[in-house]
Amino acid sequence: MQAQNSRRDFIKKMTAASIAASATTLPMAGFLSSCSPSIAKIAASADTVILLWMAGGMAHTETFDPKAFVPFEKRLDMKRVLSTFPKKPTVVDGLEFSEGLQSIGSVMDKGAIIRSYKAADLGHILHTRHQYHWHTCYEPPQSVQAPHIGAWIAKELGPANPVIPPFIAMGQRFTMGESEELKAFHSAGFLGTEYGPFLIPDPAGGLESVRPPQGMSLKRFEARYKLYKTLANKHKIMEQGSDYQRESLMRSMEQSYRLLNSPEAKVFDLSQEPKEVYDTYNTGRFGLGCLMAKRLAMNGGRFISVSTEYEPFIGWDTHDNGHARVKKMKALIDRPVAQLIKDLDETGHLDRTLVILATEFSRDAVMEGRPEEQVKDQVSRQPDVIDNEKHYGMHRHFTDGSSILMWGGGIKKGLVYGKTADERPCTSIENTVVIDQVHQSIYHALGIPPQTHYEIEGRPFYTTPDGHGKPILDLFGKSLT
Amino acid sequence: MENSNWIFQLLGRLHPLLVHFPIGLLVVALCFELFTLRGKRPGLRQGINWMVFFGAASACVAALFGWLLRTQENYSGDLVDNHQYAGIATAVFALATALVLRNTLKKQSADLRAYRFMLFATVIATTIAGHLGANLTHGEDYLWEILPNHKTVNNGATSSVLLTELGTTDSLSALQQDKLSLEVRGLFAHKCYQCHSENKQKGALILATKEGVFKGGESGLAIVPGKPEQSELFRRITLPANHKEVMPTKGKLLNDREIALVKLWIQKGAHWSDEKVKIFPEALLALQKIKLPISNQAHPVDKLVDDYFQKHNIEWPVIVDDPTFIRRAYLDIIGLLPEPEAIHQFENDKNPNKRDALIDSLLGDHRNYTQHWLSFWNDLLRNDYSGPGFITGGRKQISGWLYKSLMTNKTYDKMVKELISPVEGSEGFIKGIEWRGVVNASQRTEMQAAQNIGQSLMGVNVKCASCHNSFVSNLTLEQAYGFAAIFAEKPLELNRCDIPIGKIATADFLYPELGIVKGETIAKRLLNLSDIMVQEENGRLYRTITNRFWHRLLGKGIIEPLDEMDSPAWDDALMDWLASDFIAANMDLKHLIKRIMSSKTYQLPAVSYKKIEDTKTDYVFRGPLVRRLSAEQFSDAISQIISPLYPAVAFNPEGEKTKAKRVWHKEVSFNRTVLPEPGKRYFRKSFNIKNKKITNAKILISVDHAYSLFMNGKKIAEGRDWTQVDKLEVSNYLKPGKNTIAVEGENEGTIGNPAGVLFSMKVLYQSGETLEINSDETWKSTDLLPDENWTTNSFKDDSWKAVKNYGTQNWGTLPDFSFKNHDGKFARASLVKQHPFMKTLGRPSREIVTTSREVQATLLQALELTNGAFFNNVLEKGAIKWLEAYKNEPEKLVDQLYQKTLGRSPSPAEKNILMNTLGDAPQKEQLQDIFWSVFILPEFQFIN
């Protein structure tokens, strides 16, 4: 009930937001000349995007595209093993997932699966380069700083609720290996920091990011702001003619005051959730990220990402113990992802929220890279015939086939798009999908024209390289079931 | 209609052929007529008569055909009109002459005077008509351009000028043809290359090459020479805007003038000039010699600006007062705020040259000058202490070299030489950033070197041309690759948009007029290139850096954008004079700063603009722009005023090196080391003390996040702030024989995060011998709560594991982690690793060259300042310190705060507000809030 009321409130505020947004998107406007206005707008089928990021390379054959299962035994020839888990049916006829993903399987009637994503060929594997490519649509390095897809969306659409930052990235810390490379794409690039990610590494502490500093009461917070305003207005500088720099400072302070002082800040407070809901989601930081994503999507979030977090050799980056670790990872994602879809669906928010689950590339037991372009092996201690269970799993990086799940925001329900070969190499063999199609499909759902671009250092820089990407229109439309 | 028209058209086109008959016949007739004067050579008479008759007839036919040509092919213009009148006059005169001659002959009269006069007039008319006709076909300049002192008007020939000039002619001179062709090619480059060049061949059509243009594309022939109406290209550009086949699809449609130009070009046979299309303006490489204008102003910069102001009807405003000037000067030269005493002294200084003296003394503060300007150079040369590429060894810092260069005020030409032809420590600049795996050809490290030298040093965009011929300058793919080839070990194959095109690049600098780069080895080529680049003839190099310094000191360049030095300057004379002056001063960077800052121009009041756009279009210089404190200036100011913002530096140019390593319990999950989980960990290290007298034993310790320190079972210290180095004297706790240090460390937080113990102990015996114990891999640790006696000597730690060295990446180097006395210096922000706080305030991640930073405040910045834990903690620390210092003097506190922060005392009204906020018994919370409010003030954050 309460959600209903607050929803109405938000619609009111959103109107105010669009006015506010038009006033605040000034910063880089003089520097960038958008060429988009001349392009006809397309109708949007989604207002919000949630990206559930499986960082580290999730094997499609171990998750959403299972192949022939061979159980572990001594003297096992790994070449025979395509999957280390048995298949389980899902709610969609004929669609099977790997064991341990039954909850997600049960909501596949509300979404679609792409089984034919093909990552770029970037040679000797560096996860963060592929992640950079997935999130910006450009292969690093670039001669200008490429914006994250979340920054593009923040720039083009602005906040859906003026007090909720339009680009929120959850779950990733930047303190371990490859952290600099991670930072390189968690960025608004040339669009300017205004559109950069609002980072929440630990969703459980999400409230910290948006509430007045610790130990500061609301009363004191208000008094402090008042003091600043009074002092600022006392000085003659403020009486001199208006200046864009001073004004942008005063305006941004005003905005942050409003955000920190607004009731919406509660959206970031997971303790507002009933205990059983909290517990359902709480499989760890990722699960709580899903819960936060739900709250944000329902209250005017624009682009929200939740990452299982990338850390070299941790998470989905299984260089050893693949089977055991994937089992844990499935347990981490299965329940909260399914619950997120259910909750959004039940409250009617799924209609306008596009949820995507993806990874930078897949894994394989035998092949590093792709069939026509095998690259330097990074898992050299992997014997062909195994005795030890720690060698049982998909330990090499495979770039030729991987799965993407999508729900809501106009996505066809129950659709299975594309397929991979049932025998090794399990490459994409039908309706191969590449990254610029994925990006354009997202922009299409949001009503952002495919030719959107800005001129930077004399170069027209498009949302997808050269503006070539085409949305996969087959993904959208009426339900199949 | 169409069917009969062609006959008239054909006849019309015979006009240029026919006109030669009347000209030849009538002129020769007149000559022969002259020979027969006074009855001589009567034999010629018969011939002359026929010549006149035929001449007159052909003149009439030629005039008729001329009229046909004009009406059939839509000629217009004054030239055509005049030619027509002259032609008709010729025909009429010729006819009249012929009639008079016939009558005279009939009368058998010998009086030829009337006829002769008529013939003479006819020939004059013929000459005029002929000349005008020739102007039409060969161009009005045709005859005169070969004269010695003739000036061509070729430069700046816009399409409209060309149109009026050529539109009226029927056949063009070679020169005109070339001009027309280049103009049309320029138009293609701007409007069509985006989709129709070698890079991108939509509809299989290339408009960038001769072959491509005449081969056409999928829709057939693009151009049918002479026939616009049959040319597909012409059809497509003339379709209505909403037609689905209209071209171009990207950008604006062609305007009427541009369409007319294309039409004319096709009509005239679509000639293709092989000349290189230079469609973008290019600045001269050499500096112009500037004579200073005569002016009342004393300073050369002011003389030039005075001239500029006069041209723009601008009155000189009154220069800024002393407090404003000293704040600017401090921030611009050393990046710090002037202390209240310095301001006071300066204000009371009676020396008329005190501003110059201040500039000199600040420039003499080498250390602070270096630590401020380091940020400028790091941005420009894309040098940083962390960032992508370091992890795989694909990148190298030049920090040490750069620091030294600034400390010693190395001349700019020497710096450039060493950047291009590296010496020890400067290799990192041209090395670029190498990522693991396959990268786009335009991002190979050789190309990065070309791009970065182009952008940083020469102010030219090589980035575009490294993928395809540039759309924004005249640079070609071949030139970019030629430049890159200088840095290449092996032959470099050209790639167009990442696809090899089977051409090998020839090493060549972008501006071959400065010299040809030779050498078999890279080293030789680089040495050669560096010599070529720094020569004075390369004015562009010096103009570029001069302009950057001007921008840095006045908020806006003389030329903008800073990286496109082919753009016009708002004052050319000022630009080139300053650059020449810089060269004349031996490329001394400090001279350049002084030259600019000592001018009245620099000391003008800052100009406010309503919108940022107002600083871009139609910019007129009136004074410096209002500038915002940079991330580094803001950070340093906070450190200076209340409490160090950063405890540690990433680059430590002066400090001593410690052998201590930051260690923690090795945390493992699935055989992989992971980030330390929150919780307590236990550390031990045993050592031997000789049975000798100890003079002193000192300990330094810093633990992330908290620690308790035990010596031989006794707790001797604890701490909860790793940024604070705790210093202890422990000789009383040591005893001969085995001793044990034990540390209980605690990692805070809710999720795994970096943790580490940093420890160093120095024992000095009276004998002069020393013992040093440092935290390193010989220490042992456990994550299980040990028995109670774990801090004692007798405890058995055999089951404990060796600790892991976590390096300095997450903490940097603590300048205070030293046994020497610390003199209160704080870590300057320029030496600190990129930090979220500075990043939010606009310090760029230096993966690419950055030459100007964002100037406007953003919401994320405001959020960081308003509730960021980092900033808040510093404010709190500062409040505690200040309360101690000004315990019972709230009034003095308020006054000092304003003096230190804003360089002035608070007004009575301000004082009143602040005193009310502080209350009778000031608490740290209130003071913290006052700090916050003052640091956010526009008066503080802007350089006015």
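**Sheet in chain B**

I looked up an open sheet of chain B and found 6 strands in the order β12-β11-β14-β9-β17-β18, with antiparallel pairing. Strands here are DSSP runs of E with at least two residues, helices are runs of H or I with at least four residues, and both are numbered from the N terminus. Two strands count as paired if DSSP finds at least two bridges between them. The edge strands are β12 (714-719) and β18 (801-802) of chain B, each of which pairs on one side only. I then followed one pair: β11 (residues 706-711) of chain B runs antiparallel to β12(B) over 5 bridges. Within this pair, B:S708 has B:E718 in β12(B) as its bridge partner. As background, I note that strands of a sheet pair through backbone hydrogen bonds, either parallel or antiparallel.

**Basis of the entries**

The model is predicted; local features need pLDDT of at least 70, side-chain atom pairs count only at pLDDT 80 or more, and totals for chains, interfaces and linings use all residues. Residues are numbered from 1 along each chain as its sequence is written, while chains are lettered from A and ligands numbered from 1 in the order in which they are written.

**Domains of chain B**

I took the domain bounds from an automatic or database domain assignment. For chain B this assignment gives domain 1 (2-138), domain 2 (172-267), domain 3 (663-805) and domain 4 (854-943). The C-alpha centres of domain 1 and domain 3 of chain B lie 115 Å apart.

**Helix pair α12(B) and α24(B)**

I examined how α12 (residues 300-311) of chain B packs on α24(B): the angle is about 170° and the axes are 9 Å apart. The axes are lines fitted to C-alpha atoms, for helices over the stretch in contact, and angles run from 0 to 180 degrees between N-to-C directions. From α12(B), B:P300, B:L304, B:V305 and B:Y308 meet B:A573, B:L574 and B:W577 of α24(B). Contact means that C-beta atoms, placed from the backbone, lie within 7 Å. By class, this contact has 7 nonpolar, no polar and no charged residues. Ala, Val, Leu, Ile, Met, Phe, Trp, Tyr, Cys and Pro count as nonpolar, Asp, Glu, Lys and Arg as charged, and the others, Gly among them, as polar.

**Contact of chains A and B**

I found 73 residues from chain B and 72 residues from chain A in the contact. On the side of chain B that touches chain A, α28 (859-867), α29 (869-885), α31 (908-918), α32 (924-936) and α33 (938-941) each supply at least two residues. Of these, α28(B) gives the most, with 7 residues. By class, this side of chain B has 34 nonpolar, 25 polar and 14 charged residues.

**Backbone details in loops**

I noted a cis peptide bond from A:P140 to A:P141, with omega near 0°; A:P141 is in the loop between α3 (127-136) and α4 (149-157) of chain A. Another cis peptide bond joins B:E560 and B:P561, with omega about -5°. B:P561 is in the loop between α23 (539-554) and α24 (572-584) of chain B.

A:N431 is not a glycine, yet has a positive phi of about 50°. I placed A:N431 in the loop between β18 (428-430) and α12 (435-446) of chain A. A:N431 is partly exposed, with 14 other C-beta atoms within 10 Å (20 or more would be buried, 12 or fewer exposed; C-beta atoms are placed from the backbone).

Conventions
Two residues are in contact if their C-beta atoms, placed from the backbone, lie within 7 Å.
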